[in-house]
Amino acid sequence: APERRAYLDFWNETLEPRLRLSEAARAQASAITDGFSFAYLKELILTPEATRPNARASQHTASAPTLG
């Protein structure tokens, strides 16, 4: 699965350093996701970035109703 590993490496590099997967995690992910679509692999990489605390707080603030 060299293509799978290259795909994971590519998307991993787009993340903030603190959110990046380790070398071992990328190797394991490429090994256990045989048969998964590349779109799903992208979601595995990008979902943690979308759910980090700062992103969540700004999304909730923007859509939260004002009280009072």
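Select glutamate 23 and arginine 26: because they are three residues apart in helix H2 (residues 23-32), about one helical turn separates them. Helices here are DSSP runs of H or I with at least four residues, strands are runs of E with at least two, and both are numbered from the N terminus. Glutamate 23 and arginine 26 form a salt bridge, with 2.9 Å between the closest N and O atoms. The term salt bridge stands for a side-chain nitrogen of Lys or Arg within 4 Å of a carboxyl oxygen of Asp or Glu. Salt bridges with shared partners join Arg5, Asp9, Glu23 and Arg26 into one network.

The model is predicted: local features need pLDDT of at least 70 and side-chain atom pairs count only at pLDDT 80 or more, while totals for chains, interfaces and linings use all residues. Numbering starts from 1 along each chain as its sequence is written, and side-chain values use heavy atoms, leaving out hydrogens and water.

**The rest of the network**

Stay on arginine 26, which counts as buried at 10% relative accessibility. Buried means under 20% relative accessible area, exposed means over 50%, and partly exposed is in between, with a 1.4 Å probe and protein chains only.

Now select arginine 5, in helix H1. Is arginine 5 buried or exposed? Its relative accessibility is 17%, so arginine 5 counts as buried. Apart from neighbours within four places in sequence, arginine 5 is in contact with Glu23, Arg26, Ala27 and Ser30. Contact means heavy atoms within 4.5 Å.

The side chains of arginine 5 and aspartate 9 meet in a salt bridge, at 2.9 Å from N to O. Both residues lie in helix H1 (residues 2-13), four residues apart, which is about one turn of the helix. Aspartate 9 has a relative accessible area of 26% and is therefore partly exposed.

**A salt bridge between residues 16 and 18**

Select arginine 18 and glutamate 16, whose side chains meet in a salt bridge at 3.3 Å, N to O. Arginine 18 is exposed, at 54% relative accessibility, whereas glutamate 16 is partly exposed, at 29% relative accessible area. Side chains of opposite charge can pair when their charged atoms come close. How many salt bridges does a search of the whole structure find? The search finds six.

**Threonine 33**

Move to threonine 33, in the loop between H2 and helix H3 (38-50). With 4% relative accessibility, threonine 33 counts as buried. Which residues does threonine 33 touch, if those up to four places away in sequence are not counted? They are Arg4, Leu41 and Leu44. Show the backbone oxygen of alanine 29 as well: a polar atom of the threonine 33 side chain lies 2.6 Å from it.

**The nonpolar core**

Select Leu8, Trp11, Leu15, Leu19, Ala29, Leu41 and Ile45, the seven residues of the largest nonpolar core. Such a core is a set of buried Ala, Val, Leu, Ile, Met, Phe, Trp, Tyr and Cys residues joined through side-chain atoms within 4.5 Å. At least two residues of this core come from each of H1 and H3.

Glutamate 43 is partly exposed, at 46% relative accessible area.

**A surface patch**

Switch to a surface display and select Phe36, Tyr40 and Leu44, which make a nonpolar surface patch of about 270 Å². Patches consist of residues with over 30% relative accessible area and no salt bridge; like charges are joined within 9 Å, and nonpolar side chains (Val, Leu, Ile, Met, Phe, Trp, Tyr) within 5 Å. Accessible areas come from the Shrake-Rupley method with a 1.4 Å probe, and for residues only the protein chains shown count as cover. Phenylalanine 36 lies in the loop between H2 and H3 and is partly exposed, at 34% relative accessibility.

**The whole chain**

Finally, select everything. The chain has four helices and zero strands, in the order α-α-α-α from the N terminus on. Of the 68 residues in the chain, 22% are buried. Among contacts between residues at least 6 apart in sequence, 65% join residues at least 24 apart. The chain exposes about 4900 Å², of which carbon and sulfur atoms supply 60%.

Technical notes. Polar contact = N/O pair within 3.5 Å; in protein donor to acceptor, adjacent residues only side chain to side chain.
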